[in-house]
Amino acid sequence: MAAVNKLDSSTHVGSTPVAPPKKKVHYPFWFGGSASCCAAAVTHPLDLAPNAPKTMLGTFAHIFKENGFLALYNGLSASILRQLTYSTTRFGIYEELKNSFTSPTQPASLFTLLAMACGSGFIGGIAGNPADVVNVRMQSDLGLPPSQRRNYKHAVDGLHQMVRNEGPKSLFRGVWPNSMRAVLMTASQLTTYDVFKRICLQDLGMKDNLSTHFTSSFLAGFVATTVCSPVDVIKTRVMSAPHTHDHTILQTLTDIIRKEGLSWAFRGWVPSFIRLGPHTIATFLFLEEHKKIYRYLKGIPEQI
């Protein structure tokens with residue numbers, strides 16, 4: 001009797017090998033936050049650029065000369081805390097929703113991805129607001145006269161001083177523009193990354209490698225900067241304002257338009273992209289490496 005060969009991991013139809021169906025991989029909830037923290041540690045000095053008197057290089061030179069090299073990482077603890085709260089929440093919820101309502105053989109539509117991203121971003125914006133207020137203040141401190149600086153020692157000290165001097169309400173200063181910004185950021189960043197990656201893999205025939213990840217994240221960063229630029233202006237003005245300056249969002253917007261005209265919406269787009277672009281790229285590159293290592297440790301084939 002002829003021996004019956006067991007099928008190997010690839011099924012054959014005639015002489016043409018057919019890859020086994022892809023499995024759904026459930027990654028840990030904290031991967032997005034961890035990747036964002038890694039990105040923040042790399043790109044944090046770029047966050048100081050918008051507060052510079054002249055150019056980015058001028059900023060670095062000025063800070064280095066006046067305060068030393070470590071000053072380039074002023075406020076890093078607040079940035080890390082922000083990623084641990086804001087990014088962990090928005091990435092985690094977004095990935096959980098994708099895992100629950102999509103499959104490798106039936107990817108989500110653009111509308112579905114946008115809906116998931118908007119909900120995830122809104123919750124993430126609320127969760128990360130206290131750390132975001134501290135982050136904005138610590139980054140802007142070096143651009144203020146010494147007498148006006150808040151001089152938070154670190155993120156936790158900043159939260160403590162805010163509650164003690166301004167009350168618990170200060171932790172949620174600007175929460176609505178921040179949540180709106182988080183919705184726009186998550187929708188324009190996470191959704192477009194998935195869409196651009198799908199285009200690279202399915203339409204352009206690219207491999208699932210560093211080149212695809214870099215291309216997709218660069219384009220996602222470009223879209224996110226453009227979409228979020230107007231809200232970033234309002235959010236920064238509201239969060240960095242003195243606690244005695246309790247203008248509403250509408251009043252703040254009215255003041256900006258009256259003083260700066262309609263061009264305010266995209267004022268500072270270039271420094272914003274210099275800050276957000278590299279951070280977006282680094283975040284997704286770290287996230288893809290997280291996933292790659294996870295698949296390796298779990299023995300999941302690279303094609304998945």
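The model is a predicted one.

Start with the overall build. The protein has nine helices and two strands. Of the 304 residues, 44% are buried. Contacts reach across the sequence: among those between residues at least 6 apart, 77% join residues at least 24 apart. The accessible surface comes to about 16400 Å². Carbon and sulfur atoms account for 65% of that surface.

Now turn to helix 5, which covers residues 155–166. This helix has 12 residues. From first C-alpha to last, helix 5 reaches 16 Å, close to the 16 Å expected at 1.5 Å a residue.

Which residues of helix 5 are buried? They are Ala155, Asp157, Gly158, Gln161 and Met162. Viewed down the axis of helix 5, these buried residues fall within an arc of 155°, so they line one face of the helix. An α-helix has 3.6 residues a turn, so residues three or four places apart point the same way.

What does the buried side pack against? The partners of the buried residues are helix 3 (76–101) and helix 4 (110–140).

Gly167 follows helix 5. The phi of Gly167 is positive, near 90°.

Notes. Residues numbered from 1 in each chain as written. Predicted model: local features only at pLDDT ≥ 70, side-chain atom pairs only at ≥ 80, totals over all residues. Heavy atoms only, no water. Helix = DSSP H or I, 4+ residues; strand = E, 2+ residues; numbered from the N terminus. Expected span 1.5 Å × (residues − 1). Buried < 20%, exposed > 50% of the residue type's maximum accessible area, 1.4 Å probe, protein only. Arc of directions from axis to C-beta. Contact = heavy atoms within 4.5 Å. Areas by Shrake-Rupley, 256 points an atom, 1.4 Å probe, with all protein chains shown as cover.
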